[in-house]
Every structure is written in structure tokens, then in C-alpha cells.
Amino acid sequence: MRYLILSDIHSNLEALEECLELAQGKYDETLCLGDLVGYGPDPNAAIEQVRELAKVIIRGNHDKACSGLSDAAEFNPLARLATEWTREQLTPEHIGFLRALPPGPVNLDWFQIVHGAPVDEDEYLLGPGQALPALRSLATQVVFFGHTHYQGGFMLTPKGRFQSIRCLGKPDGLTTVLSFEDGGRYLVNPGSVGQPRDGDWRAAFAILDVESDLVEYYRTPYDLAKTQQKMRDANLPDPLIRRLGLGR
Ligand code: ZN
């Protein structure tokens, strides 16, 4: 079994379609770690695609805010503007769909999926300060998370040493393969499909190979100019348009 793992799509249809194109023929089922919407110009189309494709979808903080399950009070002003715009665009049916999404963690085989962190769906696992306690209390050997929009993650080696998992600066396509070792613990971030923040603007995703005990990280360029033009046409805030090109 091979799982395509998508996270933080953020209404970016061009990025999503490019990921699906690259992943074609390489996976059996799809899992989504949340944040289908928010920031980008195509919330309804992104939901339709992911919903049709994914076996399991958990909610992200933007899914909650854009569907009115939470207010956007803790968001910065630009994210809040994009949240309000998204709320106006979403069909009532899609709002209902987002509101009904389960929170993480969800257990699958021998691993879990979460949006932010295993104990708190809204927590950011940015570095050892947050990741080390999380790794020490993992319920399964491997947990997939998103929310930070940084591809890679963190691990404890079988000897208990903490390491960051890095996959930056590689050519398009399959960039990095990480094999899971017996006794190791892993927090794996597939990266963000629609709004990467790790300094690389290309869309990111991962594929988990259950039989081979490994995860593959992928990166692909997409029609950035088209997404940015749609955002301009929708009068979405300029810094949100620019950051897509910077991967920040
Ligand atoms: Zn996100």
C-alpha cells in the first residue's frame, strides 16, 4: 500500500493539480492533513478535488476558521482578510463539509495523521523545543503532520538522538527518501501543497510506502503566475500573493 499524503493545500488549485500529475501511478490511497482552504483563490474547487480523492481528511485551523467553527481572532490581519473572503466564496454545502471534518490524530495501520501536533491540532512543531517532547510521547512509530508548511520533519534515531529531516535544495521530482528504522521515531511533514514556507516556492507532498517502510518527499513547480493572477483578480492581499513566489 502506498499513500499519497497532502497537506496545507490552501485553495491553490494549480499547485494541487501539479502534485497529482507528478504522483500519478505512484499511490493507492490519499490522505489529507488539513488546511484545504484559506489564503488561495480556489476554495470550492480545491475542496471538490480533495474530497473526491482522499480516503481520510482531517481538519486544519484554516478549515475551522473559514467554516466559522472558530473565529479568526488569533490570525494576523492578512490571514483574517483571506479567511473572510474564503467564507464568502464557499458554498453552504462546502461549509458543512469543512465543519464536519474530524480533528487529528487519526490512526491508520501503524501510523497517525495530525494537522499540527499529536496533543494539540493547532500547535506548530517548528524545532526541537516542540518536536522533542512530541517525539518522546508518540503513540505510533510514525506521525505525519503539517501546519508549519516546512517539508521534512524530525526524528529520534534508534539510539535516541534527535535529528531534523531535511530535503531542501534538490531538483524537481523525488528529492529525498527516508527509511524508517526499527526503534526510531518519526514526525514527518510532507510540506505544503499550496503555500510552502521553507524558502522553496515549489509545491510539496510525500508518499508513504507501507511495505517498504519508507517515505518519499517530492517537489514540483506549478503555474505560479496563474495562481497569483487569480488572487489579484479576487483582490486578495498583495503580501499573500508575493509570498507564494518566495516560498515564505
Ligand atoms: Zn496551513
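Predicted model: local features only at pLDDT ≥ 70, side-chain atom pairs only at ≥ 80, totals over all residues.

Q: How do the residues that line the second largest pocket divide by class, and what makes a residue there count as charged?
A: The lining divides into 4 nonpolar, 6 polar and 5 charged residues. Asp, Glu, Lys and Arg count as charged, so the 5 charged residues are of these types. The pocket has a volume of about 210 Å³, and N61, H62, F75, Y124 and H147 are the residues of its lining that lie nearest its centre.

Q: What makes D8, H10, D35 and H149 donor residues of the zinc ion?
A: Donors are N, O and S atoms within 2.8 Å of the metal. The zinc ion is coordinated by D8 (OD), H10 (NE2), D35 (OD) and H149 (NE2) at 2.1 to 2.3 Å, and therefore these atoms meet the cut-off.

Q: Why is the site of the zinc ion called irregular?
A: The angles among its 4 donor atoms run from 85 to 176°.

Q: Which parts of the chain do H10 and H149 link?
A: H10 lies in the loop between strand 1 (2–6) and helix 1 (13–23), and H149 in the loop between strand 6 (142–144) and strand 7, 139 residues apart. Both H10 and H149 are buried, which means that each has under 20% relative accessible area.

Technical notes
Residues numbered from 1 in each chain as written. Heavy atoms only, no water. 1 Å grid on protein atoms, 1.4 Å probe; cavity = no way out; pocket = protein on both sides within 12 Å on 5 of 7 lines; lining within 4 Å. Points joined across faces, edges and corners; volume = space filled by probe spheres on them. Donors = N, O, S within 2.8 Å, 3.2 Å for Na, K, Ca; no water. Tetrahedral: all angles 85-135°; square planar, octahedral: opposite > 155°, others 65-115°. Helix = DSSP H or I, 4+ residues; strand = E, 2+ residues; numbered from the N terminus. Buried < 20%, exposed > 50% of the residue type's maximum accessible area, 1.4 Å probe, protein only.
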